Amino acid sequence: MRRRLLIQVMAVAALPLFAAPAFTAGEGGGSGGQTTTQCKKGEVWDKKQKKCVVPQYGMLDDDSIYEAGHDLAMAGRYDEAISVLTLAANKQDPRILNYLGYSHRHSGRVTVGLGYYEEALRIDPNYTLVREYLGEAHLQNGDLAGAQEQLKEIENRTGKGSREYGMLAEQIDHFLRS
């Protein structure tokens, strides 16, 4: 499972390197799989219109904004992800806050990312993916204790067998070895 996830993440991250047009992905057909739709830079897939559009405030529902922002972030298009995610009507959606944090952190604005993660956890303290990313942010800042605290919080909520626990534990191990 972890190997398949790693392969999927690597494949999505590599898309911008091989494709002339930019890609965004959305949830497809209720099957839980991803359908990739080609859109130019600055555009996202609108499920209702079934075409690529330039996102504008109020044009897309928050679920579509989340999906587009998530997919842009996972493709390494952080500034585009931030632009899309800030269009969400619900500024307190922990999913939106999480990927705003992720995108800012990966753009080098770790402190800004930390703020978004903390806000997401204030709203939903059980959102373990935020805790995993928050732990990674602490490691980026050299704060091993902060990362270990998030690992313990994940363990308390989902146990050591969860994906988030394994990912953060691996990051901490790598941090300790380097």
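This is a predicted model: local features need pLDDT of at least 70, side-chain atom pairs count only at pLDDT 80 or more; totals for chains, interfaces and linings use all residues.

Colleague: How are H6 and H7 oriented to each other, roughly parallel or roughly antiparallel?

Modeller: Helix H6 covers residues 128-140 and helix H7 covers residues 144-158. Their axes come within 7 Å and cross at roughly 165°, and the crossing is left-handed. Angles over 145 degrees count as roughly antiparallel, so H6 and H7 are roughly antiparallel.

Colleague: Which residues meet where H6 contacts H7, and how do they divide into nonpolar, polar and charged?

Modeller: H6 contributes Thr128, Arg131, Glu132, Leu134, Gly135, His138 and Leu139. From H7 come Leu144, Gly146, Ala147, Gln150, Glu153, Ile154, Arg157 and Thr158. Gly counts as polar here, and the contact of H6 with H7 divides into five nonpolar, six polar and four charged residues.

Colleague: And how is H4 oriented to H6, roughly parallel or roughly antiparallel?

Modeller: Helix H4 covers residues 94-106, and its axis comes within 10 Å of the axis of H6. The two axes cross at roughly 20°, in a left-handed crossing. An angle under 35 degrees counts as roughly parallel, so H4 is roughly parallel to H6.

Colleague: Which residues make the contact of H4 with H6, and how do they divide into nonpolar, polar and charged?

Modeller: On the H4 side are Asn98, Tyr99, Tyr102 and Arg105. On the H6 side are Leu129, Val130, Tyr133, Glu136, Ala137 and Gln140. Tyr counts as nonpolar here, and the residues divide into six nonpolar, two polar and two charged.

Colleague: Which residue forms a salt bridge with Glu136, and is that partner buried or exposed?

Modeller: The closest N and O atoms of Glu136 and its partner Arg105 are 3.1 Å apart. Glu136 lies in helix H6 and Arg105 in helix H4, 31 residues apart, so the pair links distant parts of the chain. Glu136 is buried at a relative accessible area of 14%. Under 20% counts as buried, and at 3% relative accessibility Arg105 is buried.

Colleague: Which residues are joined with Asp93 into one network of salt bridges?

Modeller: Asp93 forms a salt bridge with Arg95, with 2.9 Å between the closest N and O atoms. Asp93 is buried, with a relative accessible area of 9%, whereas Arg95 is partly exposed at 24%. Salt bridges with shared partners join Asp93 into one network with Asp63 and Arg95.

Colleague: Which residue meets Glu164 in a salt bridge, and what is the relative accessible area of that partner?

Modeller: The N to O distance between Glu164 and Arg163 is 4.0 Å. Glu164 is buried, with a relative accessible area of 15%. Arg163 is partly exposed, and its relative accessible area is 39%.

Colleague: How many salt bridges does the structure hold?

Modeller: The pairs discussed here include Asp93 with Arg95 and Glu136 with Arg105. For the structure, the number of salt bridges is 10.

Colleague: Is Gly135 buried or exposed, and which residues does Gly135 touch beyond four places away in sequence?

Modeller: Gly135 sits in helix H6. At 0% relative accessibility, Gly135 is buried. Leaving out residues up to four places away in sequence, Gly135 touches Ala147, Gln150 and Leu168.

Terms used:
Residues are numbered from 1 along each chain as its sequence is written. Side-chain values use heavy atoms; hydrogens and water are left out. Axes are lines fitted to C-alpha atoms, for helices over the stretch in contact, and angles run from 0 to 180 degrees between N-to-C directions. Helices (H or I, at least four residues) and strands (E, at least two) are DSSP runs, numbered from the N terminus. Angles under 35 degrees count as roughly parallel, over 145 as roughly antiparallel, 65 to 115 as roughly perpendicular and the rest as oblique. A crossing is left-handed if the near helix is turned anticlockwise from the far one by less than a right angle, and right-handed if clockwise. Contact means heavy atoms within 4.5 Å. A salt bridge is a side-chain nitrogen of Lys or Arg within 4 Å of a carboxyl oxygen of Asp or Glu. Buried means under 20% relative accessible area, exposed over 50%, partly exposed in between (1.4 Å probe, protein chains only).
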